[in-house]
Amino acid sequence: MSDDANVPARRDFLRKSLTLIPVVTLAGTGLPRLVQAAEPATAPASPEAPYQPTLFNAQQWAFVVAACDRLIPADATGPGAVESGVPQFLDRHLQTPYANGAIWYMQGPFLEAAPEFGYQGKLNLKEIIQVGIKAFDAFCQTADGKAFAELPHPRQEELLKAAEGGKLELDSISAKLFFSNLLNEVRNGYFADPSYGANKDMAAWKMIGYPGVRADFTDWVTVRDKPYPLGPVDLAGRRG
Amino acid sequence: MANIQPKVDAVIVGMGWTGAILAKELTDAGLNVVAFERGADRDTQPDFAYPRVVDELEGSVHRRYLQSLAQETVTVRHTPTATAVPYRQMGSFKPGTGVGGAGSHWSGCHFRALPEDFKLRSNVEQRYGRNFIPQDMTIQDFPVSYDDLEPHFDHFEYVCGTSGKAGVINGVKQPGGNPFEGSRSREFPLGPNPSYLGAEMFYKAAREVGYNPYPIPASNASAAYVNPYGCQMGPCNFCGFCSDYGCLNYSKASPNACILPVLRLRKQFELRTHSQVLKVNLDSDGKKATGVTYLDAQGRECEQPAELVLLCAFSLYNVHLMLLSGVGKPYDPASGEGTVGRNYSYQNLNRVMMFFGKDTQANGFIGIGGGGTTIDDLNGNQLDNGKAGFVGGGIIWARQPGSGPVRGVSVPSGTPNWGPQWKKAAADAFRHSFYYEVQGACMSYRQHYLSLDPTYRDAFGRPLLRMTFDWHDNEIKASQFLVNKALDMCKVLSPQSMAGDAKKAGGHYDITKYQSTHTCGGAIMGSDPKTSALNRYLQSWDVHNVFVIGANAFPQNNGYNPTGMVGALAYWAATAIREQYLKKPGPLVQA
Ligand SMILES: Cc1cc2nc3c(=O)[nH]c(=O)nc-3n(C[C@H](O)[C@H](O)[C@H](O)COP(=O)(O)OP(=O)(O)OC[C@H]3O[C@@H](n4cnc5c(N)ncnc54)[C@H](O)[C@@H]3O)c2cc1C
Ligand code: SF4
């Protein structure tokens, strides 16, 4: 894969962040500060402009937001996927070389094989998600007369559970395959470094007690009687 | 027509552990060496520099440090009559690419094989009788002994700054080490690393059950160290990004940190990166290699003539190159004839996950790849195989290479995979759970082998390597036996819940789950050219100026990680080349 997998996403992030800041404040500031300024943690007053997806169309976006909200809902334990920015993560991450098959063997023939041999189809990750969303929504239209995003939460959960268990018959894709890849990506976004677009304020890391990218625990290897005391650090050096 | 380069003394294919060792040894002997590496050049700076190296998404999802399967992969099937399908996404094993190979993103568990592992077949026959070995099991003795390799085990550990505690030195038992190990000529270069909680609890549990726990020999330096080549290492800080990641600290032994700093300065050494070797070229009667054909960084097909060809491309790719080039005769499982591809084996890895309450500060994010605690009480001659009912043993260990939430948060079984309950379980478990593993041996069988795939091709138009492998009853029994022993041991620790993943009767090899990159055999060393591709010096029986270095040489796999043995075999072969072959090129063993 390319070492620059995240470059388009990062550039995109900067561009979007820049639009949040009045032009006058740009003069004389370095980019890192601009990024920081766009962070709600340091600039709580600045209202977030709604994210404009660049991969998903409106229908796909509605599905993704609704599915994220069911897969990791906001509750007393910790942040929900939507407020964390997971839909934004998906919109960006699915545009990386990784999601476009850069590290998968993609040559045919594409034979059916037992589950022990993994996914043997010809779609890359981005396509699995896009084809899956379309088929899932089509199923909802036929069965319930509405798109997934418009269904009540209990029904959404029921459908996601059916997909997970392989009990949903979708056109053109295995519901199980779609679901497992979607869930994987949602978790990736939820827990990945904030630079990838989600995990806002490192809240998912705080929830589980992960110190992020500190990567030095010499002083704590043999401590037994106290919880690890420090909060998380992210790749940009921010402390949570 | 291929672009023909000026002839050199030796060509090395692959710049991982074995390639770096051979390059050092052969340039020491005054040879001009050209090494080809299919991937990029890599060094601690800038490739493993903080903070980018600890980006979990890049390291564990985009797999920045691993081979891309888009270019080259293998196909897999369970039986010789089935149609194989490609290994499309990284799962069961994770070959490396780039300078350092898998040796730059390994974990660092650095074992020596036991003396009895070298004579497995004769030992089992002597202890339990000929009929104890299943009909289709094709295990063999190594054509070398522990004593042959002892100086080379020792040297490789000193190159790596391996941190541990000797159990036996010159025949005398040492407290704190493995009492069952082969005798060492001296202590480890560095003492053991400190124990994290899970490793400390392992000592307690193992002792209570009557086992003899000892620190896993770890090539993750426990203190500042200068190796015999003058390369400096710094103490491991338990960064928690060890397995799958390059080391940010010069602490984990790697070709990059421990050998290449010397090699890079040598005039007789040339490293060509982004250069994919396509095949070994043979002379008209196929008895001697004339060099290799490779694609250079610009994609031009070139020929590199050489007197000596060293295949150091990792076990699987060594066998692939032999099959593509006609070095040796391909193995046919129906007739049992041919040797290249024969006796492919793997590793029988299993896990016991344990969950504790909030007072147990397991802190899985604190991690070290090779450190931890293990036991040999169920390995080698300590295990009564007659009673246990299978061939081969294994070890149980506490190992904590470092966890992070993108790599996955384990939750107690029965927890849903998403929704509020999953979230709660993940939040509760992350800091308060750890696992122990059972690493079992894996025998070789008539029907498990490597060959060329008839259908699928790599990005260079060559047939992919095809792996025919499945779990045999013997390994399934071993998995169940050893996991049960581990569960018994874990009960001592009274976790709130625990779960083992022993293989089920009739279960099949699942390529989607990581189970170690210990792919062994396929071009094994032996004393009979009818049943081995290589002689005792890892020299091809058929083409005397080709040496094939790697775990491909193991006739079967034991309960340990392979690299300690792989490094020792590399030094052993290098010594034979320097002391015997260069003086009188030709077969070092008469067939
Ligand atoms: C995540 C992980 C953890 C591990 N942990 C341990 C451990 O704790 N203990 C242990 O003992 N072992 C461990 N291993 C295994 C260990 O990494 C290998 O045994 C070791 O690196 C093998 O050395 P090698 O020289 O045979 O192969 P490598 O070190 O992989 O080097 C082979 C090189 O050859 C190159 N190459 C391949 N084909 C070609 C070609 N055609 N042309 C040019 N170049 C080519 C590759 O790109 C690669 O750089 C681990 C492996 C992985 C992936
Ligand atoms: S755990 Fe230690 S040896 Fe491993 S990468 Fe981190 S610092 Fe290096």
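Student: Leaving aside its neighbours within four places in sequence, which residues is K24(B) in contact with?
Tutor: Contact here means heavy atoms within 4.5 Å. With neighbours within four places in sequence left aside, the contacts of K24(B) are Y229(B), I259(B), V262(B), L263(B) and R266(B).

Student: What pLDDT do local features need in this predicted model?
Tutor: Residues are numbered from 1 along each chain as its sequence is written, while chains are lettered from A and ligands numbered from 1 in the order in which they are written. Side-chain values use heavy atoms, with hydrogens and water left out, and in this predicted model totals for chains, interfaces and linings use all residues, side-chain atom pairs count only at pLDDT 80 or more, and local features need a pLDDT of at least 70.

Student: Is K24(B) buried or exposed?
Tutor: K24(B) is found in helix α1 of chain B, where helices (H or I, at least four residues) and strands (E, at least two) are DSSP runs numbered from the N terminus. Buried means under 20% relative accessible area, exposed over 50% and partly exposed in between, with a 1.4 Å probe and protein chains only. Because its relative accessibility is 7%, K24(B) counts as buried.

Student: Are α1(B) and α13(B) roughly parallel or roughly perpendicular to each other?
Tutor: Axes are lines fitted to C-alpha atoms, for helices over the stretch in contact, and angles run from 0 to 180 degrees between N-to-C directions. The axes of α1(B) (residues 17–28) and α13(B) (residues 563–581) come within 9 Å and cross at roughly 25°. Angles under 35 degrees count as roughly parallel, over 145 as roughly antiparallel, 65 to 115 as roughly perpendicular and the rest as oblique. The two helices, α1(B) and α13(B), are therefore roughly parallel.

Student: How do the axes of α3(A) and helix α7 of chain A cross, and which residues of α7(A) make the contact?
Tutor: The axes of α3(A) and α7(A) (residues 153–164) come within 10 Å and cross at roughly 85°, which means that α3(A) is roughly perpendicular to α7(A). The contact is made from the α3(A) side by A66(A), D69(A), R70(A) and L71(A), and from the α7(A) side by H153(A), Q156(A), E157(A) and L160(A).

Student: How many residues of the shell around ligand 2 are charged?
Tutor: A residue is near a molecule if one of its heavy atoms lies within 4 Å of it. Of the 13 residues that surround ligand 2, the closest are C236(B), C239(B), C242(B), C247(B) and G367(B). Ala, Val, Leu, Ile, Met, Phe, Trp, Tyr, Cys and Pro count as nonpolar, Asp, Glu, Lys and Arg as charged, and the others, Gly among them, as polar. The shell around ligand 2 divides into seven nonpolar residues, five polar and, as charged, one.

Student: Is N343(B) buried or exposed?
Tutor: N343(B), in the loop between α9 (315–325) and β15 of chain B, has a positive phi of about 60° although it is not a glycine. Y250(B) also has a positive phi, of about 55°, and is not a glycine; with a relative accessible area of 36%, Y250(B) is partly exposed. At a relative accessible area of 1%, N343(B) is buried.

Student: What is the omega of the cis peptide bond from G108(A) to P109(A)?
Tutor: P109(A) is placed in the loop between α5 (86–93) and α6 (125–144) of chain A. The peptide bond from G108(A) to P109(A) is cis, with omega near -5°.
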